[in-house]
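Here is a short briefing for a reader who has not seen this structure before. Please look through the sequence and the model first.

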Protein chains: 2
Amino acid sequence: MASMMFTDCSSSTTARLLPFRHNPLLCRNNGVVSLRRLINLSSPRSLRLHSSSSLSPSPTASLATETPAKVIDGKSVAKQIRDEINAEVARMKDAIGIVPGLAVILVGDRKDSATYVRNKKKACDSVGINSFEVRLPEDSTEQEVLKFISGFNDDSSVHGILVQLPLPPHMNEQNILNAVSIEKDVDGFHPLNIGRLAMRGRDPLFVPCTPKGCIELLHRYGVPIKGKRAVVIGRSNIVGMPAALLLQREDATISIVHSRTKNPEEITRQADIIISAVGQPNMVRGSWIKPGAVIIDVGINPVEDEKSPRGYRLVGDVCYEEASQIASAITPVTGGVGPMTIAMLLSNTLVSAKRVHNFQ
Amino acid sequence: MASMMFTDCSSSTTARLLPFRHNPLLCRNNGVVSLRRLINLSSPRSLRLHSSSSLSPSPTASLATETPAKVIDGKSVAKQIRDEINAEVARMKDAIGIVPGLAVILVGDRKDSATYVRNKKKACDSVGINSFEVRLPEDSTEQEVLKFISGFNDDSSVHGILVQLPLPPHMNEQNILNAVSIEKDVDGFHPLNIGRLAMRGRDPLFVPCTPKGCIELLHRYGVPIKGKRAVVIGRSNIVGMPAALLLQREDATISIVHSRTKNPEEITRQADIIISAVGQPNMVRGSWIKPGAVIIDVGINPVEDEKSPRGYRLVGDVCYEEASQIASAITPVTGGVGPMTIAMLLSNTLVSAKRVHNFQ
């Protein structure tokens, strides 16, 4: 998801030449927005776009649009959800004396994994969920990890178990994930959960956190799903595939675009709702988007940025500058889907504790 | 799947007026083939179609096409597969003395169910698979059914267990199906199997028989799947949904059309491969089909036919007369997907016995 590719859909050179609000529409020629495509867009908002391909940016390019897309503020929604969870945790504790608990197992010394685990602990603290943490050295055996999982499976104060991925290469990820009790699989990645998600008339115990967060954003922003065309870009087990299953459960008509799809742009342009989760920076250009579509961008990709002290900045799968002029609503990167994932993990832990204790 | 709807996409009145090979193109006005749509089709086979809506059929209608679609002969492929299974069963018996066994449980007196069970027994006999049958009266308890399932779960001579559906209304179908050991779930309907089918890098123990049969037909007829657009019409747990998952596993770009889809015709017309499983007679008209598409028609629907001694005949979801002039290949109804389902059941039973005995 965080492949280190360096492309950029904005052009600071061009930006100085154009009378834009703040973002240029033109992009470097990696998936060029062609003039023909742009003028073919018949926008319900009278969007009129004129552009040319832009390795050699043209001063004749111009943009006229009525309103830019509404920003889907994941950070603010996640905060709201955490407040709701906080209230529920307090209500449960008052009523039956039970506090939900989440256990996280971290193996090895990866800095990014350590940061994720720390953030999860903080998030638990912020809503009153107990957190349990096990840190094991890189050279631990599979058996040692399994022993801790087994302990948490049997521990009634633990309602969710999360093994931070990736695991060291000498471990069998499938064996370890399968050892987590399905009743505590708050990640929702167990095949039994995915099967139930796919089947009509069945319900999963847990819905995977990131796709659940995507749908929750659509709900909270009142985006209708039933009967809409939805295109999911990417078919990973953790985002794309379950996101498509969730959209179908809500009666969207889904298409799944992936690396073998021959005409991703054409298919994506039919979508009322786009969820992109491929880890390709700025892959989805303005020309891929139907005017008025709603875009949920799951990608978080580093791209080179000399101006940043870190030398890079984070962008989504979708070229925000272009998309925000065509879509009716879009998640930013960062502050879009990202904060929702942890909020949904807390939600799943609460759901689990309520289910075990039959608390409504 | 066998809803009793009476529509007809052929018109014997019209047929007499037109210079067709043997089938009329015009249809009663249930999903009208519009002139505009037909002439908009740009066929790689120089297909030129002229039609008008046809409750009052027009003598000006005409058809010119180079070659009709290839008929995908499921009956013959199923026979070939049964021969292959027969040879494998014999080889296994010779090598390790094991004969695969399939147990079928039938509850109640439904004639159609009794016929299905009889056909399964005959099919087992024809390939040398042992069959075990339990017939229970309509007023049996759930507990009695569960007792037999438990017995077959423990019986090492049984490698597949099948509970004939539908069960009497006083029984909980989910409880009963869940009781079948996943290692013997030759129907492949267990959520764990479906989950594995959906997930990349996982493999189901069994693939549901009818969708497996659909894909097998595509394989045996050399139809390329990778990178193709595939539209599945219908999202049932037993056909549509797993068929879509299977196509995606083979790198098709899938779209799933269902009852809430607003423009099924437009989406279906984008497909290189169509699998239809909705139980709506002749719903998919010629105008829904891209010239050269391959069509797998799972529907088996009775339609009124005064000329038939039974008063009805069986047709598919797809209007065969029209589709066969536009598609490059199509399954007939009957003799298409139908015979493949039982062949795949036998195949799954053999797969199960081989797995248990580690026989390659």
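This is a predicted model: local features need pLDDT of at least 70, side-chain atom pairs count only at pLDDT 80 or more; totals for chains, interfaces and linings use all residues.

Residues are numbered from 1 along each chain as its sequence is written, chains are lettered from A in the order in which they are written, and side-chain values use heavy atoms, with hydrogens and water left out.

**Chain A**
- Chain A has 12 helices and 13 strands (DSSP runs numbered from the N terminus: H or I of at least four residues for helices, E of at least two for strands).
- Of its 360 residues, 55% are buried (under 20% relative accessible area; exposed is over 50% and partly exposed lies in between, with a 1.4 Å probe and protein chains only).

**Contact between chain B and chain A**
- Each chain is represented in the contact: 35 residues come from chain B and 35 residues from chain A (contact means heavy atoms within 4.5 Å).
- The two chains bury about 3,400 Å² between them, with 50% of it on carbon and sulfur atoms (buried area is the accessible area, 1.4 Å probe, lost on putting two parts together, summed over both).
- Four salt bridges cross the interface (a side-chain nitrogen of Lys or Arg within 4 Å of a carboxyl oxygen of Asp or Glu).
- A:Asp251 and B:Arg260 meet in a salt bridge, at 4.0 Å from N to O.
- On the side of chain B that touches chain A, two or more residues each come from α6 (173–179), α7 (191–198), α9 (240–249) and β8 (253–257) of chain B.
- The largest share of that side, six residues, belongs to α7(B).

**Helix α9 of chain B**
- Nine of the 10 residues of α9(B) are buried, so this helix is largely enclosed by the rest of the structure.
- Among the buried residues are B:Met241, B:Leu245 and B:Gln248.
- Just after α9(B), B:Asp251 has a positive phi of about 70°.

**Salt bridges**
- The whole structure holds 30 salt bridges over all chains.
- A:Asp125 pairs with A:Lys121 in a salt bridge, with the closest N and O atoms 3.4 Å apart.
- These two residues, A:Asp125 and A:Lys121, lie four residues apart in helix α4 (residues 111–127) of chain A, so about one helical turn separates them.
- B:Asp305 forms a salt bridge with B:Arg313 at 3.2 Å between the closest N and O atoms; B:Asp305 is buried at 16% relative accessibility, whereas B:Arg313 is partly exposed at 23%.
- A network of salt bridges links A:Glu84, A:Glu216 and A:Arg220.
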